[in-house]
Amino acid sequence: MARLKVARLGNPILREKAQPVDLEALKDPESGIHRLVEDMVETMHHEGGVGLAAPQVAWSVQVVVLEYTENERYPGHESIPLTVLFNPVITRYSAETAPGWESCLSLSDFRGRVTRSTSVTVEAWDQEGRKRVIDAEGFLAVVLQHEIDHLNGMVFIDRMDDLTQLAYQEEFETYWMGEKEVEA
Ligand code: NI
C-alpha cells in the first residue's frame with residue numbers, strides 16, 4: 001500500500017469527467033484497480049477524510065471510497081462503514097434539501113455551506129463486481145453527493161449558492177461553529 005498525493009483545486013484533473021471502470025478488471029485480483037483502491041483507503045485514513053474520489057489522487061476513473069467513524073470533525077454524525085463504489089450514479093435525488101457545512105481534501109483549508117438533497121439513491125458496483133443499490137439519507141447522502149460530484153469534475157463550492165458562506169477552517173470554528181445547521 002502507498003499513500004498518494006492529493007490533487008488540490010487548480011489541478012485540471014479535478015475538472016475532468018472520470019472514465020468508467022472496466023467491471024471485468026474487478027474479477028482479476030492482480031488488476032491495478034484493486035491496488036488503487038488500497039492506496040485510496042490508506043490516503044483517506046492518513047488525510048482524515050470521510051471520502052475520497054479517484055480524481056483527487058490524480059486517477060481519472062470512477063472510484064470512490066467512504067468511511068467515517070465518529071470524531072470531532074463532524075460531531076453527531078452517524079458512522080459509515082468502509083464502502084468502495086465503482087461507476088456510481090445517483091438515480092434519485094429527494095426534493096427535500098437541507099444546508100450543511102462541507103470541506104474537501106482538495107480544498108483542505110476551506111469550509112462552505114452547501115444545500116443538498118437529504119436523501120438519494122445510488123447505483124454502483126462493489127469490489128466483487130456486484131451491483132449495489134444504496135438508499136442513503138442524512139450524512140451518508142451528503143457524502144455520496146460530494147464524492148460523486150468529483151467524478152463529474154465538480155467540487156463543493158460549485159454547489160454553493162451563497163459564497164459569503166465560504167470560510168477558512170479557522171474562521172469557521174471562530175465565527176460559524178455555533179450555528180445550528182452545523183449540528184444537523
Ligand atoms: Ni471532496
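Okay, to start: is Trp176 buried, partly exposed or exposed, going by its relative accessibility? At 21% relative accessibility, Trp176 counts as partly exposed. The cut-offs are under 20% relative accessible area for buried, over 50% for exposed, and partly exposed in between, with a 1.4 Å probe and protein chains only.

Quick housekeeping. This is a predicted model, where local features need pLDDT of at least 70, side-chain atom pairs count only at pLDDT 80 or more, and totals for chains, interfaces and linings use all residues. Residues are numbered from 1 along each chain as its sequence is written, and side-chain values use heavy atoms, with hydrogens and water left out.

Back to Trp176. Its ring and that of Trp101 have centres 5.2 Å apart and planes at 55 degrees, so we call the pair tilted. Here's the rule: rings of Phe, Tyr and Trp (its six-membered ring) pair if their centres lie within 6.5 Å; planes under 30 degrees apart are stacked, over 60 edge-to-face, and the rest tilted. Trp101 sits in strand E4 and Trp176 in helix H3 (residues 169-176), 75 residues apart. Helices (H or I, at least four residues) and strands (E, at least two) are DSSP runs, numbered from the N terminus. Trp101, at 8% relative accessibility, counts as buried.

Now, the metal. Which residues coordinate the nickel ion? They're Cys104 (SG), His146 (NE2) and His150 (NE2), at 2.1 to 2.2 Å. Cys104 is in the loop between strand E4 (97-102) and strand E5 (110-117), while His150 is in helix H2 (residues 138-151), so that pair ties together parts 46 residues apart in sequence. Donors here are N, O and S atoms within 2.8 Å of the metal (3.2 Å for Na, K and Ca), and with water not among the atoms, sites may look incomplete. Both Cys104 and His150 are buried.

Next, strands. E4 and E5 run antiparallel, joined by 6 bridges; two strands pair if DSSP finds at least two bridges between them. Pro99 stands opposite Thr115 in E5.

There's also an open sheet of 5 strands, in the order E1-E2-E3-E6-E7, with antiparallel pairing. Strand E1 (51-53) and strand E7 (131-137) are at the edges with a single partner strand each, so one side of each has no neighbour in the sheet.
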